[in-house]
Amino acid sequence: MMTLKVNGRDHQVDADPDTPLLYVLRNDLALNAAKFGCGLGQCGSCTVIVDGKAVLSCVTPLLLVEGKQVTTLEGLGTVAAPAPIQRAFMEEQAAQCGYCTAGMMMRAQALLMRNPKPSDARIRAEFEPHLCRCGTHMRILHAVHRAARLMDTADAASDKSVR
Amino acid sequence: MSWGQQAVIELFWPNDTGTKRVNTRPNNKLNSGMPGQLRIITGIAAIVLFAGATAAFAAAWQPQIAAMAPPRPDTFDPDIVKRGRDLAAIGNCNTCHTVHGGGNYAGGLPVPTPFGTIFSSNITPDAETGIGSWPEEAFVRAMRAGVSRDGRHLYPTFPYDHFTNVSDADDRALYAFLMTRQPVHASPPANQLTFPLNYRPLIAGWKLLYLRSGDVSADAAKGAEWNRGAYLVEGLAHCGACHTPRNALGAERVNAQFSGGDVDNWHAYALNDTSHAPVRWSADALYAYLRHGWQADHGTARGPMAEVVGNLATVADSDVRAIAVYMADVSAAPAPDRKSPTDAVAQSASTDATQANAAGAAIYAAACASCHEGGRALPYGGVNLALSTAIAGPDPRNLLNIVLSGVGAVAGERSPIMPGFAASIDDAQMVALANYLRSKFGKRQPWNDLDKAVRDARAVQATSLAAGDATAESSQRGKP
């Protein structure tokens, strides 16, 4: 048994320490936003935030996140009250099939917490680990810029929920 | 080398083993001698000093070469320009003379050295800030003697100690290539050097000690391919600039050629018979590595070497093969601990490193093994770490850099990629993992001071990230 801190709550998890974080999030905690894409850390669809940084949960064993704060997309906002990054993706219609979108949003969230006004080039460099087979890249770029503007207005910033 | 240079070296310079030459003669000569003798000695000393100062001035002073109006691009023969393009790729010119996001060949890249930071110059044909007003004669002098058109000495960060070996025809082609690039008006920032290193005439003294002309001569016994490789490797490609260790004055140690050096927080591996590659490099393996950026029995080019391989992509197969043939010969006889790939992998399976370092073993099993023991060869799987030079080598930095930052995809190429683990692995876990890999796959004593190496590698990774946030484009070299 180990304690896993996800979205501000402690969870008792009965899993081997070498289990990928993604498996525990999806199978044990039913947090299904993070997706299983390649399983090799090469597509980015499993991205979550650990202690403020974007992490590929499919290649991150539990033993590396013990005692750290894990945030998934479910921890950012809800359908009723979406976080700025979720609002921005919806307003820019930055998804087609949507499989990569949760990972993209988590990467964007981590970037904007560190760098509230990233340049276009910085966003492109940051999103290098992410694949989108639908080709929604331009809308994703717009969405990240829009999220930066949304977060700039104090009330809209919900990044306090991310630990 | 002249007698005078040899004498200067022997008098003032420690030899390469690091032992200082000590004058063991009794030093009471001046006091015990007669006044007449003293005068003679003083007189001789004065003459020597005067002659030395004159010689130093003569060596330090270089004439200005008159500026000219930039030549029109169509005055150059397109065939020569094209040859110059391939030569510039072999010379890796753009790696130092281009900042990511800046104009091609417009300079401005900070090159950190033990003496301070030197910024690369603008070598586009801009008349004011580049080399647009340079006649060919001035370009050739810069390549051969490290002197700017205006007569200033250039710092040897510009590897003219290798470029002395470049032929007249190749210098002409490089000139034609550079003079037909897009002119960019851009001056590099001022060098950050402290006195007296910012006093350029001192470089003349460095040149007296270390700049030798034409130290590559053809070896008729070796064949055309080997000789072509020697010409490229020792000259324009300047492989030794990174792969040869440097002495206290920043010059390559000639008697330790290719025994491994430093570049941008990476270790440039030894390429001679002291190489730590678990499997000996062959000419074929080196050719494949230089051609594609990876080789199944050795692994992947990354850091500054990835840029070298990227530049070689446009170079003719024959030249890449010549480089490989020559370097494979330089690496000479295999060290006794060299194995075949299968032996190396088989041997790593039979240890008890797992029990000694449970934390490292668990991280490896959970985070690394799925790719590195997935049974897929490069470039689609990870290299078996028993074949890794980074793990077998004497310096942990390359392993740490790669685990923290990963290996980025190369546009348009099938190439290995690896996610970076900087965000998920902490320093203690990184130390445990590195120690485990070293003992399990490297079969060697633990690295010294690994804690500090991990902290340093982390700091470099964080600095690179912060620099990327601060500017539109990263200007850091060696981004994996």
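Reader: Is B:Asp264 buried or exposed, and at what relative accessible area?
Author: This is a predicted model, and the values are computed from it. B:Asp264 sits in the loop between β4 (261-263) and β5 (266-268) of chain B. Buried means under 20% relative accessible area. B:Asp264 is therefore buried, with a relative accessible area of 18%.

Reader: What is the phi of B:Asp264?
Author: Most residues other than glycine have a negative phi. B:Asp264 is not a glycine, yet its phi is positive, at about 50°.

Reader: Which loop holds B:Tyr105, and what are its phi and its relative accessible area?
Author: B:Tyr105 is placed in the loop between α5 and β1 (110-113) of chain B. Its phi is positive, about 65°, although B:Tyr105 is not a glycine. The residue is also buried, and its relative accessible area is 10%.

Reader: B:His97 is in contact with which residues, leaving aside its neighbours within four places in sequence?
Author: B:His97 belongs to helix α5 (residues 93-97) of chain B. With a relative accessible area of 12%, B:His97 is buried. Leaving aside neighbours within four places in sequence, its contacts are B:Tyr105, B:Ala106, B:Gly107, B:Ser120, B:Ser121 and B:Ile123.

Reader: Where does B:Thr117 lie, and what is it in contact with beyond its neighbours within four places in sequence?
Author: B:Thr117 is part of strand β2 (residues 116-119) of chain B. A relative accessible area of 17% makes B:Thr117 buried. Apart from neighbours within four places in sequence, B:Thr117 is in contact with B:Pro110, B:Val111, B:Pro112, B:Asn191, B:Gln192 and B:Leu193.

Reader: Which residue does a cis peptide bond join to B:Phe195, and what is omega?
Author: Most peptide bonds are trans. The bond that joins B:Phe195 to B:Pro196 is cis. B:Pro196 lies in the loop between β3 (192-193) and α9 (202-210) of chain B. The partner of B:Phe195 is B:Pro196, and omega is about 5°.

Reader: Where does B:Pro379 lie, and which residue does a cis peptide bond join to it?
Author: The loop between α17 and α18 (389-392) of chain B contains B:Pro379. A cis peptide bond, with omega about 5°, joins B:Pro379 to B:Leu378.

Reader: At what angle do α17 and α20 of chain B pack?
Author: Helix α17 covers residues 358-372 and helix α20 covers residues 427-442 of chain B, and their axes are 8 Å apart. Angles of 65 to 115 degrees count as roughly perpendicular. α17(B) and α20(B) are therefore roughly perpendicular to each other. The angle is about 90°.

Reader: Which residues meet where α17(B) packs on α20(B), and how do they divide into nonpolar, polar and charged?
Author: On the α17(B) side are B:Ala359, B:Gly360, B:Ala361, B:Ile363, B:Tyr364 and B:Cys368, and they meet B:Gln429, B:Ala432, B:Leu433, B:Tyr436, B:Leu437 and B:Phe441 in α20(B). The residues of this contact divide into 10 nonpolar, 2 polar and no charged.

Reader: How far apart are the end C-alpha atoms of helix α8 of chain B?
Author: Helix α8 runs over residues 168-179 of chain B, which is 12 residues.

Reader: How many residues of α8(B) are buried, and what covers them?
Author: α8(B) is mostly covered, with 9 of its 12 residues buried. Among them are B:Asp170, B:Asp171, B:Leu174 and B:Phe177. The covering elements include α4 (78-90), α6 (136-145) and α10 (224-234) of chain B.

Reader: What radius of gyration does chain A have?
Author: Chain A has 5 helices and 5 strands, in the sequence pattern β-β-α-β-β-β-α-α-α-α. Its C-alpha trace spans about 40 × 35 × 25 Å along the principal axes. A compact globule of 163 residues would have a radius of gyration near 15 Å; chain A agrees, at 15 Å.

Reader: What is A:Gly39 in contact with beyond its neighbours within four places in sequence?
Author: A:Gly39 lies in the loop between α1 (21-28) and β3 (47-50) of chain A. A:Gly39 counts as buried, at 18% relative accessibility. Leaving aside neighbours within four places in sequence, A:Gly39 is in contact with A:Cys58 and A:Val59.

Conventions
Residues numbered from 1 in each chain as written. Chains lettered and ligands numbered in written order. Predicted model: local features only at pLDDT ≥ 70, side-chain atom pairs only at ≥ 80, totals over all residues. Heavy atoms only, no water. Axes fitted to C-alpha atoms, helices over the stretch in contact; angles between N-to-C directions. Helix = DSSP H or I, 4+ residues; strand = E, 2+ residues; numbered from the N terminus. Parallel < 35°, antiparallel > 145°, perpendicular 65-115°, else oblique. Contact = heavy atoms within 4.5 Å. Nonpolar A, V, L, I, M, F, W, Y, C, P; charged D, E, K, R; others polar. Expected span 1.5 Å × (residues − 1). Buried < 20%, exposed > 50% of the residue type's maximum accessible area, 1.4 Å probe, protein only. Rg over C-alpha atoms; globule rule 2.2 N^0.38 Å.
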